[in-house]
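Please consult the sequence and the structure shown below while reading.

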2 protein chains.
Amino acid sequence: MTRMHAIIVVGDGMADRALKDLNYKTPLEVARVGAMNRLTSAGASGLLDPIGPGLVPGSDVANLSILGYDVSRVYTGRGPLEAAGAGLELQKGDLAFRCNFATVENDLTVLDERAGRILDGLGELEEALRSLEFGGGHDIRFIFKRTSGFRGVLLLRGEGLSPNLSTHMPKVGCRADSVKPTDDSTEAERTCNALREFIKTSHEFLDDHPVNQKRRSEGKLPANIVAPWGPGKQPNAKTLSEHYGLKAACVAGVSLIKGICKLAGMTVIDVPGATGDIDTDTTAKGEAALRMLRDHDLVFVHVEGPDEASHDGNILGKISIIEKIDSMVGLLLEHVNLEETYVALLADHVTSTRLRRHTGDPVPIVIAGADVTRDEVASYSERMASRGSLGRVRGTDLMPIILDLIGKMEKLGE
Amino acid sequence: MTRMHAIIVVGDGMADRALKDLNYKTPLEVARVGAMNRLTSAGASGLLDPIGPGLVPGSDVANLSILGYDVSRVYTGRGPLEAAGAGLELQKGDLAFRCNFATVENDLTVLDERAGRILDGLGELEEALRSLEFGGGHDIRFIFKRTSGFRGVLLLRGEGLSPNLSTHMPKVGCRADSVKPTDDSTEAERTCNALREFIKTSHEFLDDHPVNQKRRSEGKLPANIVAPWGPGKQPNAKTLSEHYGLKAACVAGVSLIKGICKLAGMTVIDVPGATGDIDTDTTAKGEAALRMLRDHDLVFVHVEGPDEASHDGNILGKISIIEKIDSMVGLLLEHVNLEETYVALLADHVTSTRLRRHTGDPVPIVIAGADVTRDEVASYSERMASRGSLGRVRGTDLMPIILDLIGKMEKLGE
């Protein structure tokens, strides 16, 4: 019997609500997505709730769920997933944070959450922060590593660290060091003090850095602080191989997804040109996926760009990156044989470009390949997907559906 | 940003199965429901299982579920919900029952479960039962209060009361005092004895009451017994405000729904003319809903009438009350701005007019408002709803979906 394969393509935040600016259509309905529509014509469509109807997922829990994990059991915070993606090994007791390079005023009030989406000079800024590692005069180490664009990871290493902190993604108009303990323990207080010190010191180290002097002279926002959020310790999860005997690979630009996929025991590769933004090289990602398909059962391809465009309220940018994903889907369809390979396409959640945030709506999903029940849905969109033969399923249903199609699902009972 | 609101309109038992007498259409398909159809054209339709496919809900668990409660954890019985709706405060240990005024023969065999849907003289009958409170010669107090129409509430107050009793809604042909303990405990036996005594004594007090003498002389059925059912102690549930920071109000005629909404921490108002029957004043209810909308995030409007008509097998009555609900929906649509307010319409369960009981079918639901994915469904009915963009959801999904639309849903993960 032919060995079956599957590719899952995820456009992060690619789905949307109808936009008044698009005459009450969604970006997917307006974008030219010929390849996605060919895939849809050949497949079974449906709606997928990343967690459940109305529940609003972050990208972390959404993608964990799509890979089959029960987030209520596995998820400990975003930090350790980002750290794994950045290649930082967590030791027992380490506390990991996702970080943003951000722009603040002198009193640490946030002016921009992403430092104007800084792309250049980040290596030098990272270098400047290295001397902060043992700078605290206490027994907690700070280990910082930048990942893609404005993103980075911070590990706190030491005894008795607590994730019970009120950190949140930096918000314009709020102070970058406004973190507080969320319980009365000495661990939380101690961790909070160390974190505040890291934040303040990062500002001292970065504010006058030559990279930022240059940015200011060019009228750009300086990356003059590092804001950590999403703390957590190492989660405990079975790999896809342990769970299902599945050999899987991941093609992704952002460290969050790489980290989730490492946790899942997948082969995680770095693709040159995969930036995690709307300028990403989707052709390179598609080619990498096809290479990975040769010796893996499942390839998970994640494109971050649509979410970034949506958070910026950038409708045209979103349409443009959707069209790039469409080209990538076209490339995949040219090179895979649907008799041997199933191709699934979905968003990990809806990001409303109007509201500039995630919402709890279901996303459209299509699965094409030999054995699926083709339906009459011929275009890939939020509106049409509900008419498909898949009906309405949940994030955690996807992995069993795919595994069943490629013949890797164990029978329950006898 | 505009503050968003929502109205949820529930027609109790409004959905039905196809009826031979209606040429295999349902009452919703035959009734003139222009406003419901306009709402449907502007919205997203779907099917909703109050609990789950095939599961037959009482109105208590159906409406709890629609308000987002996991009934397997919250529900302790119908009695305490009815008591809360009647304004009776349960003390610790109190056992609450829903009651019907009913008609029995001399040997207490039930002739009519609702005493001919008695409407007049109920205050005098309630008064007559007052002297029963300490009448038992034991240390259990009986506290009875009538609510709307033939309905009432009984509290047993004392030490060691047990809800483990075989009570059920009175049934024609069965004895009204046929209650038994369902376990071997002395508590259940003692409670059962007290309850039997209440039932028998109510018959003694009511049978020859002047109100019933008059009813008999007019050829009406006497309300000559009180039949308690649905025992339970005080449930423990978070309010909608504690859960979601939601300020919600309830417009309902029957004490069960008022009680559920009190448990949920909602503002519960009395609307003159809201009778809980097919003669209810739906215009007054619509106007009350619009008033409540001014200072609440969510208004829950419940109309009991269709369920009552269905239990009576009254097809024309059901069509007529559905058309009254349609007028109310029309009034709401005239006065709300769908850019700021979401309007949802559903039934809490199917009541089959042929079978004169609830069934486990899904109900049609439509949600209209700014950001929903409009579909091509243009009429509100059991049959068309399955073609809508909502797919098939569950009762407990409704509150998250609505909360997400009005921007009150917390993100899971980051």
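Helices (H or I, at least four residues) and strands (E, at least two) are DSSP runs, numbered from the N terminus. In these terms, β4 (95-104) and α12 (305-311) of chain A each supply at least two residues of the lining of the second largest cavity. The largest share of that lining, 3 residues, comes from α12(A). The model under discussion is predicted.

**Confidence**

For chain A the mean pLDDT is 94, and 99% of the residues of this chain reach 70 or more. For the complex, the predictor gives an ipTM of 0.85 and a pTM of 0.88.

**Contact between the chains**

Chain A brings 33 residues to the contact and chain B brings 23 residues. Between them the two chains bury about 2300 Å², with 47% of this area on carbon and sulfur atoms. Three residues, A:R17, A:V56 and A:R392, supply 23% of the area that chain A buries against chain B, more than any other three residues. There are 5 salt bridges between chain A and chain B. In one salt bridge, the side chain of A:R387 meets that of B:E376 at 3.0 Å, N to O.

Rolling a probe the size of a water molecule over the atoms shows where empty space is left. The model holds 6 cavities of 30 Å³ or more.

| Space | Volume | Lining residues | Lining by class |
|---|---|---|---|
| Largest pocket | about 700 Å³ | 21 residues | 7 nonpolar, 6 polar, 8 charged |
| Largest cavity | about 260 Å³ | 19 residues | 9 nonpolar, 4 polar, 6 charged |
| Second largest cavity | about 200 Å³ | 18 residues | 5 nonpolar, 4 polar, 9 charged |

Which residues lie nearest the centre of the largest pocket? They are A:H168, A:M169, A:P170, A:K171 and B:K411. Strand β8 (residues 225-232) of chain A gives the most to the lining of this pocket, with 3 residues.

In the largest cavity, A:D361, A:P362, B:T373, B:S389 and B:L390 are the lining residues nearest the centre. Here helix α15 (residues 395-405) of chain B gives the most to the lining, with 3 residues.

Nearest the centre of the second largest cavity lie A:R78, A:M169, A:E304, A:D307 and A:E308.

Definitions and conventions. Residues are numbered from 1 along each chain as its sequence is written. Chains are lettered from A and ligands numbered from 1 in the order in which they are written. This is a predicted model: local features need pLDDT of at least 70, side-chain atom pairs count only at pLDDT 80 or more; totals for chains, interfaces and linings use all residues. Side-chain values use heavy atoms; hydrogens and water are left out. On a 1 Å grid over the protein atoms alone, a cavity is a set of points where a 1.4 Å probe fits but cannot get out, and a pocket is an open set with protein on both sides within 12 Å along at least five of seven lines; lining residues have an atom within 4 Å of a point. Grid points are joined across faces, edges and corners, and a volume is the space filled by probe spheres set on the points. Ala, Val, Leu, Ile, Met, Phe, Trp, Tyr, Cys and Pro count as nonpolar, Asp, Glu, Lys and Arg as charged, and the others, Gly among them, as polar. pLDDT is the predictor's confidence in each residue, from 0 to 100. Contact means heavy atoms within 4.5 Å. Buried area is the accessible area (1.4 Å probe) that two parts lose on being put together, summed over both. A salt bridge is a side-chain nitrogen of Lys or Arg within 4 Å of a carboxyl oxygen of Asp or Glu.
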